[in-house]
Amino acid sequence: MDQLALLFVLLLGAVVSVPVGDRLGLPAPVLMTLLGIVLALLEFVPNVEVPPDLILPLLLPPLLYAAVRRTSWRQFAANVRPIFLLAVALVFVTTVCVAAVAHAIVPGLPLAAAVALGALVAPPDPVAATAVAGQLGLPRRLVSILEGEGLFNDVTAIVLYHVAIAAAVSGTFSPWQAGLDLVLSAVVALAVGLALGWGANKLMDLLGDPTLQIGLSLLVPYASYVMAEELHGSGVLAVLITALFLAEYATDADDVMTRLAGHTFWDIVDTLVTGVAFGLIGLELHNAVRTASGRWGEMLGWAAAVVGVVVLVRLMWLLPATWLTKRLHAKRDLDEEIPTSWRETVVMWWSGMRGVASVALALAVPLETDSGAPFPDRDEIIFIAFGVIMATLVLQGLTLPWLVKRLGVRADSEREKEFEKQLAVRAARAAKRRLKEIEEVEDLPEELSEQMLRRAFEIGVRISPDMGEEERREAHQHRVRRLKRVRRIQNELLSAARHEVLAARSEPGADPEVVDRVLRHLDVRSLR
């Protein structure tokens, strides 16, 4: 098996792991990690030859961009305090605690190298957290906090990692310089993210064509990451800022085709890249095995100690942080989404799985220092890092569904339905207001006006049939039945039309492009 065949196996696994995971009740990223581990143990499977410095730039930008598309700036703004406590403060605390323990138990491990180890195992993986939380039906407030933590903690961890690596390689460390680098990295990332977001928004308006717009959306996160890194800023933060800007300002309510195609495209990208990323985590197991080289006992002991620190620090941090956030929330009466019980806090604790960023940072540890000497305890750092990744990702990932079910933590479906009904009512009322505006300008026949009024009401009914309980209660059931019947007949008519047009594609002299254009029009019409 060569590298290309291995990539195909990972891509196929990424697709298959989704329905298999749904059936088994397990997260697809965890299944892909297990697949990677199995492949790594097979003799005929080659070692992965991806340069470590390319793992983050290749995998992280599209994964971050896809994750941000599922959220909004308002959610981040509403959760600034808990996200800051998790994504910034907890990363610092975890880094310090891991560095202290590793420096104490690993003989000869310098403090700077220990800090690098702490930084690379500190951030929970945003992709794993999002995939697991979304699949388990957790409350939206927990999903929002986990997404925010996962998206922003890499920024803090990567900056700390680079500072520690620079200190270990050069042998010098300046706290003031490190603090300045952190601030400058954030400022550069903010400037690059906003500039590219604004430029991409304008360029999408000029392109117009949905295919070109979606193609540009694939290039933007890579451009944002690379440009920020070239200017010594945080590439991760730049991608987040760009994606949030585009999600907020690049949405045209009437651009139906781009929105539908873009949603499908990014679902595909997210599934494939996530599968490959977590498959690579399992495949890189051979690096950790190779570094053990007969010292399994003591190195497993070190890894277990660091795993214990990572897991316990998160729990000991979450308990008081959640209590403090609740107190401030109650006093200020803010619209902030926070855990409301100890059960939700426990689920947040057990959701702290490490993943893609930790693997990339571990493999990117330099081989030598500036003096030409080997990087201190590089093999030990890589082994411990992979021990933490495997323990948290596989162990926590496999047991999290059981824990969620055991604790009875579920999304508030009634609240979601109520909000859906409110949106349906607002949509129907907006359509009616627009109809009145048209009637003031145009002289509509009474029959047409009544028909359009019914259509305005049906807009809301299609979204949420329950809204009929508030408007025209007596005619609700009749209209719903009529609507379903009309919809069924209309679908059959459109189906007959699509079959006829598709049959024309194989006729002599038929232009495939014209056939596809007409078929695409019928497909869009079927969604209305």
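Helices here (H or I, at least four residues) and strands (E, at least two) are DSSP runs, numbered from the N terminus. You're looking at a predicted model, in which local features need pLDDT of at least 70, side-chain atom pairs count only at pLDDT 80 or more, and totals for chains, interfaces and linings use all residues. Residues are numbered from 1 along each chain as its sequence is written, and side-chain values use heavy atoms, with hydrogens and water left out.

**Whole chain.** Colour by secondary structure and you get 21 helices and 0 strands. Of the 528 residues, 47% count as buried (under 20% relative accessible area; exposed is over 50%, partly exposed in between, with a 1.4 Å probe and protein chains only).

**Helix α11.** Select residues 235-249. From first C-alpha to last, these 15 residues reach 21 Å, close to the 21 Å expected at 1.5 Å a residue; the expected span is 1.5 Å times one less than the number of residues. Because 12 of its 15 residues are buried, α11 is largely enclosed by the rest of the structure. The buried ones include G235, V236, F245 and L246.

**Two loop residues.** Step back to H232, in the loop between α10 (210-230) and α11. Its phi is near 65 degrees, a positive value in a residue other than glycine, and H232 is exposed at 69% relative accessible area. Then jump to D377, in the loop between α16 (356-363) and α17; phi of D377 is near 55 degrees, again positive in a non-glycine residue.

**The largest core.** Now pick L117 and L120. Of the 121 residues in the largest nonpolar core, these two touch the most other members. (Such a core is a set of buried Ala, Val, Leu, Ile, Met, Phe, Trp, Tyr and Cys residues joined through side-chain atoms within 4.5 Å.) Helix α17 (residues 378-407) gives the most to this core, with 15 residues. Show the surroundings of L117: leaving out residues up to four places away in sequence, it touches V98, A102, I381, I384 and A385, where contact means heavy atoms within 4.5 Å. A second, separate core has 5 residues, among them L494, V501, L519 and L522.

**Last stop, helix α1.** Select V20, which lies in α1 (residues 3-24). Is V20 buried or partly exposed? V20 is partly exposed, with a relative accessible area of 33%.
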